[in-house]
2 protein chains.
Amino acid sequence: MTLDTLRQAFSGRLHTDAADMAAFLTDWRGKWTGRALAVAQPDSAADVAAVLRWCHAHRVPVVPQGGNTGLSGGATPDDTGHALVLSLARLNRVRSVDTHNNTLVVEAGVTLLQVQEAASAAGRLFPLSLAAEGSCTIGGNLATNAGGVQVLRYGNARELCLGLEVATAEGELWDGLRGLRKDNTGYDLRDLFIGSEGTLGVITAAVLKLFPVPAAQVVAFVAVPTPAAALSLLQLAQARLGAALTAFELMSDTCIALVEKHVDSARLPLAERSPWYVLLEVSDSSDEAHASAAIEGLLEAALTHDLATDAALSSSLAQFQALWALREDISESQGAEGKTIKHDIALPISRTAAFIASTSAAMEEAFPAQRLVVFGHLGDGNLHYNVSPAVGHTGPEHAAAFVAQEAAMNRLVHDAVAAHGGSISAEHGLGVLRRDEAARYKTPLELKLMRAVKTALDPLNLMNPGKLLG
Amino acid sequence: MTLDTLRQAFSGRLHTDAADMAAFLTDWRGKWTGRALAVAQPDSAADVAAVLRWCHAHRVPVVPQGGNTGLSGGATPDDTGHALVLSLARLNRVRSVDTHNNTLVVEAGVTLLQVQEAASAAGRLFPLSLAAEGSCTIGGNLATNAGGVQVLRYGNARELCLGLEVATAEGELWDGLRGLRKDNTGYDLRDLFIGSEGTLGVITAAVLKLFPVPAAQVVAFVAVPTPAAALSLLQLAQARLGAALTAFELMSDTCIALVEKHVDSARLPLAERSPWYVLLEVSDSSDEAHASAAIEGLLEAALTHDLATDAALSSSLAQFQALWALREDISESQGAEGKTIKHDIALPISRTAAFIASTSAAMEEAFPAQRLVVFGHLGDGNLHYNVSPAVGHTGPEHAAAFVAQEAAMNRLVHDAVAAHGGSISAEHGLGVLRRDEAARYKTPLELKLMRAVKTALDPLNLMNPGKLLG
């Protein structure tokens with residue numbers, strides 16, 4: 001196929017050399033590698049639509065790509081070489097800020113960090129926050145409905161978006177950039193595109209919700225005896241703090257020990273170890289004294305009721321950051337400890353403790369040569385139920401044997417998730433990694449409804465084919 | 001057509017007598033009246049699916065109906081008599097409560113008040129609240145994505161729902177009753193059915209989000225000189241109060257004067273009249289003293305900056321209710337003042353003051369014999385931009401002349417809404433009332449996408465045909 005007509009169809013870059021394309025053909029972890037016809041980097045939303053019109057006319061599949069930081073292989077082309085990779089990197093403008101409407105209009109290729117900075121420059125908060133924020137893009141965040149640490153208070157990417165601009169499979173540009181809190185004039189196309197992983201259309205811009213910057217934030221790092229105690233502490237915290245409770249993270253002692261081992265500055269802020277810890281954050285619209293008083297009152301009640309055994313509070317920005325780092329450095333520390341098998345699962349919050357107890361017992365029996373590395377956003381029922389090799393088995397000579405157990409571990413964990421009414425992808429999306437696994441747990445009717453929607457909006461199956469739906 | 005096979009197909013009631021059917025064939029305001037083949041009241045979700053299978057097999061259109069309290073004619077059949085009215089009234093069970101997950105599973109026919117009461121009995125808050133709550137049903141609230149007074153803090157019906165059970169056009173039952181805060185395993189079917197006004201399927205049950213009950217609530221009734229000042233007060237309130245600000249309502253002096261005229265107990269709680277008032281509510285997780293201090297601090301700042309001229313605070317439950325009644329009784333008081341022409345519009349919050357200024361000037365010039373009755377949820381950009389006949393023209397002899405202006409008034413108001421980037425249906429839905437009007441302001445592409453979704457899920461166009469989409 002000649003690419004000359006494509007080159008003339010839009011303004012932007014078109015990469016066809018192997019060296020130029022390489023970075024777009026492999027995900028950042030190097031887990032998936034594919035081939036492509038070319039990599040297009042249009043300059044504007046209209047150019048994205050033009051590229052899609054060309055693809056539609058020539059029946060060329062399209063793989064949209066943002067910051068290429070996904071964990072599920074959703075932005076990597078397959079190995080046929082038939083697809084065009086469509087990078088949104090050059091759609092990098094903050095189009096407008098409206099502080100009285102508390103909204104920001106940004107293009108898809110703006111990084112999450114740049115969105116946060118634009119909000120901050122306007123005296124507002126954009127609360128979506130996750131590890132890849134320096135390089136992931138807001139278009140990718142919306143296409144995968146990203147989560148993160150403050151979902152408890154502010155919701156997922158879905159809840160932070162009021163409107164979208166989307167280039168359709170036929171290459172038309174839908175202007176749904178409405179900055180409205182209420183709009184009941186038809187089907188919710190916005191939420192259909194959000195989380196569809198580029199399989200229904202390409203998000204080119206979005207209207208995002210902004211929030212007031214809290215006057216003060218305090219975190220507590222709390223030793224709790226069990227996940228069940230952590231759950232009771234969550235109930236107590238919600239009752240006492242309401243919307244001021246902006247994060248509630250659970251992590252096992254194994255997680256914290258890994259961070260202490262691999263991060264020089266990390267140290268447990270408590271005198272004694274505990275099997276489990278909670279990191280909870282309070283954001284206050286009054287001042288730090290009020291925040292600290294609220295959190296101290298909570299902890300006193302928790303100690304009295306044996307929900308907690310000890311706690312450390314932040315009383316400076318440095319302490320605030322150091323306590324958060326213990327939670328945020330878990331993933332990277334686990335990565336330094338040999339191969340990792342990840343499960344990004346969600347459960348009804350009420351089931352989390354029972355899930356951990358029964359699943360961990362089953363895992364220890366079925367796979368004795370492993371270590372459970374369990375942490376996550378307990379306030380949302382979202383656990384990163386991860387596995388590392390046992391101590392002494394982290395070297396490369398053990399990697400193959402460890403990874404060979406992945407499918408069996410997935411089956412055990414995901415069967416347990418399904419039995420507890422949970423989800424096998426809480427915030428990472430399906431991509432290719434969890435596509436078939438998700439289909440296994442969905443009813444035939446739900447798959448049929450999803451396929452009907454897919455066919456309606458992308459009848460030629462050109463939009464990121466093979467991702468999300470088989 | 002013989003209804004014998006339908007009668008045998010499901011458990012529940014089937015009304016075919018004119019007297020039994022009458023109440024289902026007219027909306028509660030008596031604005032629309034239709035005819036029907038019969039009225040079915042199935043006993044369970046499985047029976048709803050059975051009714052839909054029969055309708056699908058016999059190509060019978062279906063008009064789902066909840067509490068029949070809608071304002072847009074979405075639940076009334078047309079006058080052909082071909083359709084079956086499907087009343088969800090007998091699906092009235094609270095299926096389960098999970099206080100640790102903060103969720104409630106209810107069937108579609110449970111009234112909103114019963115949902116609130118079930119939440120309250122479990123020590124939780126279900127924050128959706130609107131005038132018809134005693135008779136509207138949660139199924140209807142979700143089908144129309146209802147709003148109300150606390151959307152500012154808790155969101156619309158959409159944001160309060162985690163999962164759905166839906167009977168499809170073919171009569172299959174989709175179990176999407178997931179009680180999860182995070183679930184990225186495919187297309188967002190839940191949000192597609194929410195707000196679709198029964199045109200894609202019939203909601204039979206839902207998982208609803210519950211919240212902690214606030215420790216204290218205080219309202220302030222504030223005199224403000226202009227809508228622009230009200231907007232600045234909103235900014236200030238959000239910055240100082242954050243999520244504790246749970247309602248922010250605007251109303252003109254015309255509204256309050258109507259309430260004082262038609263409600264015996266109503267009286268302005270301020271020494272002097274003002275052209276505009278704001279009712280703002282603070283919900284506090286600490287105690288009443290903290291709530292009052294926060295609201296007093298805010299009002300002091302507002303008075304200093306000339307954003308407000310006077311204010312009354314509630315210091316008892318009776319005062320709290322009396323101040324709220326001034327806002328809540330506007331609709332009924334307007335109804336007592338002759339015919340009413342309603343516009344349920346949403347705007348970017350930042351545009352509300354400019355919209356009111358320019359549109360009200362244009363309305364007064366174009367339609368001198370009228371009174372603007374403007375109030376609404378300013379915190380959401382949602383105005384009820386209503387019109388009553390001028391004083392001295394409220395009698396029945398003037399009704400026809402007043403109503404004859406409705407289309408022209410709609411055009412003026414809705415053109416202004418479109419020019420300001422707003423929506424012509426904020427929380428009432430389209431039904432038949434706003435169906436063609438919405439199509440007028442949407443792009444051909446958006447209508448095409450909506451039709452593609454409709455055809456995908458209801459290829460025979462049997463689900464509430466003629467509503468929402470033409």
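Biologist: What should I know before I start?

Modeller: The model is predicted, so local features need pLDDT of at least 70 and side-chain atom pairs pLDDT 80 or more, while totals for chains, interfaces and linings use all residues. Residues are numbered from 1 along each chain, chains are lettered from A in the order written, and side-chain values use heavy atoms, without hydrogens and water.

Biologist: How many residues of chain B are in contact with chain A?

Modeller: Contact means heavy atoms within 4.5 Å. Here 81 residues of chain B touch 82 residues of chain A.

Biologist: What area is buried between the two chains?

Modeller: Buried area is the accessible area (1.4 Å probe) that two parts lose on being put together, summed over both. For chain B and chain A that is about 6,500 Å², and carbon and sulfur atoms give 55% of it. On the chain B side, Lys182(B), Asn184(B) and Tyr187(B) lose the most area, together 16% of what that side buries.

Biologist: How many salt bridges cross the interface?

Modeller: The rule asks for a side-chain nitrogen of Lys or Arg within 4 Å of a carboxyl oxygen of Asp or Glu. It finds twelve between chain B and chain A. One of the salt bridges joins Arg178(B) and Glu446(A), at 3.0 Å from N to O.

Biologist: Which helix of chain B gives the most to the side that touches chain A?

Modeller: Helices are DSSP runs (H or I, at least four residues), numbered from the N terminus. Helix 17 of chain B gives the most, with ten residues.

Terms used. Helices (H or I, at least four residues) and strands (E, at least two) are DSSP runs, numbered from the N terminus.
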